[in-house]
Amino acid sequence: MLGFVNVRRPLAGRVALVTGAGGGIGRAIAEELSAAGAVVAVVARSQARAGATVNAVRTAGGRAAPFSADLHDLGSVPCLIHGIERELGEVDILVNNTATVMPLGPVTGVQPAAVLRALTLNVGSVITLAGAVIPGMSRRGWGRITNISGIPGNRASTPGGNVYAACVAALESHTLNLAAELAGSGVTANAFRTQRIYTSLRAWLETIDRDHIEDPLIRRFVTSQIDVDVIDSTGPARNLLTHVLGTESGHIWDLVRNRPLRRKTPDASGDELDTSATSRPDSGRPG
Ligand SMILES: NC(=O)c1ccc[n+]([C@@H]2O[C@H](COP(=O)([O-])OP(=O)(O)OC[C@H]3O[C@@H](n4cnc5c(N)ncnc54)[C@H](OP(=O)(O)O)[C@@H]3O)[C@@H](O)[C@H]2O)c1
């Protein structure tokens, strides 16, 4: 355990692992943790994208290393953790940020293999990574596990994204249960709900010609993600850092927005999406 806290770099001496850090929110979180003094293990599927985040961290004066892993393969986790420990040291902070929103569409059409892939990445990798780093955190009496989540309260807010909605519910349930399991150990577990952040997937969604999407549920889902105001990743990453520095456990944090969202926007079905509050039901798109 560290003997003192460096006020300007409160995470100095800590090792952070961020999944899905090759871009989007994950990259912003990696940069923020580094600015607070942590050494960051940047995990993405693509070595090039992980490397780009590492370059950004290093340019800003921080220390980071890239690690490529496909977290659809839970068997890759021990090797990943071993590599990080060898190069950077044992993990003190775990941010599970990787997720997929696929498969989309009505449940009558989804392929079993696609359901299993989503559950494996969005939930299985989160639990497996936690299981791999908790022994060391518990031994040192300090650890922070944060799981990035997506859908605020209303579980019926993501028609057409049913598998993703199920994954988010499982993720949050796991997080709260894990916090109870870790009570008194010095290791915290929390979830952080983000929404409406401009990342590569949202940019991709904007390129789709909605009028040519045949399935009405997919069209509704895509439209609900495009017709809302968005923010960049910096604010959410800062917001997350303040939580990581604290000692709360067993919480589901909502993203605090620094500027108001756009007024109400009708979605494809003619319903109104209330975009005026920070933690109201969202369309649930994670990207
Ligand atoms: N953006 C939003 O508005 C929003 C809303 C709600 C929730 N969220 C949540 O925020 C988190 C990040 O979303 P984002 O929008 O920043 O995503 P993103 O821009 O699409 O980034 C996804 C990251 O995950 C990595 N990744 C994808 N599949 C992987 C796999 N099988 N194994 C390892 N890494 C993999 C990607 O790495 P490669 O590029 O190398 O594949 C990339 O670094 C997710 O948990 C999402 O549910 C976002």
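Let me start with helix α2, residues 47-59: 13 residues, reaching 18 Å from the first C-alpha to the last, close to the 18 Å expected at 1.5 Å a residue. The expected span here is 1.5 Å times one less than the number of residues. Helices (H or I, at least four residues) and strands (E, at least two) are DSSP runs, numbered from the N terminus.

This is a predicted model: local features need pLDDT of at least 70, side-chain atom pairs count only at pLDDT 80 or more, and totals for chains, interfaces and linings use all residues. Residues are numbered from 1 along each chain as its sequence is written.

Back to α2. Its buried residues are Arg49, Ala50, Thr53, Val54 and Val57. They sit on the same side of α2 because they cover an arc of only 145° around the axis; the arc is that of the directions from the helix axis to the C-beta atoms. Buried means 20 or more other C-beta atoms within 10 Å of the residue's own, exposed means 12 or fewer, and partly exposed is in between, with C-beta atoms placed from the backbone. On the face turned away from the buried side, α2 carries the exposed residues Ala48 and Thr59.

What do the buried residues of α2 pack against? The partners are α1 (24-35), β2 (39-44) and β3 (64-68). Contact means that two C-beta atoms, placed from the backbone, lie within 7 Å.

Now the helix pair. The axes of α1 and α2 come within 10 Å and cross at roughly 30°. Axes are lines fitted to C-alpha atoms, for helices over the stretch in contact, and angles run from 0 to 180 degrees between N-to-C directions. The two helices, α1 and α2, are therefore roughly parallel to each other; angles under 35 degrees count as roughly parallel, over 145 as roughly antiparallel, 65 to 115 as roughly perpendicular and the rest as oblique. From α1, the contact uses Arg27, Ala30, Glu31 and Ser34, and from α2, Thr53, Ala56 and Val57.

After α2 comes Gly61, with a positive phi near 95°. Most residues other than glycine have a negative phi, and most peptide bonds are trans. A cis bond joins Met102 and Pro103, with omega about 5°. Pro103 lies in the loop between β4 (93-96) and α4 (112-140).

Last, Ile84, in helix α3, residues 77-87. Ile84 counts as buried because it has 24 C-beta neighbours inside 10 Å. Leaving out residues up to four places away in sequence, Ile84 touches Leu17, Ala41, Phe67 and Val91. Leu17 is 67 residues from Ile84 in sequence, yet 8.4 Å away in space, C-alpha to C-alpha.
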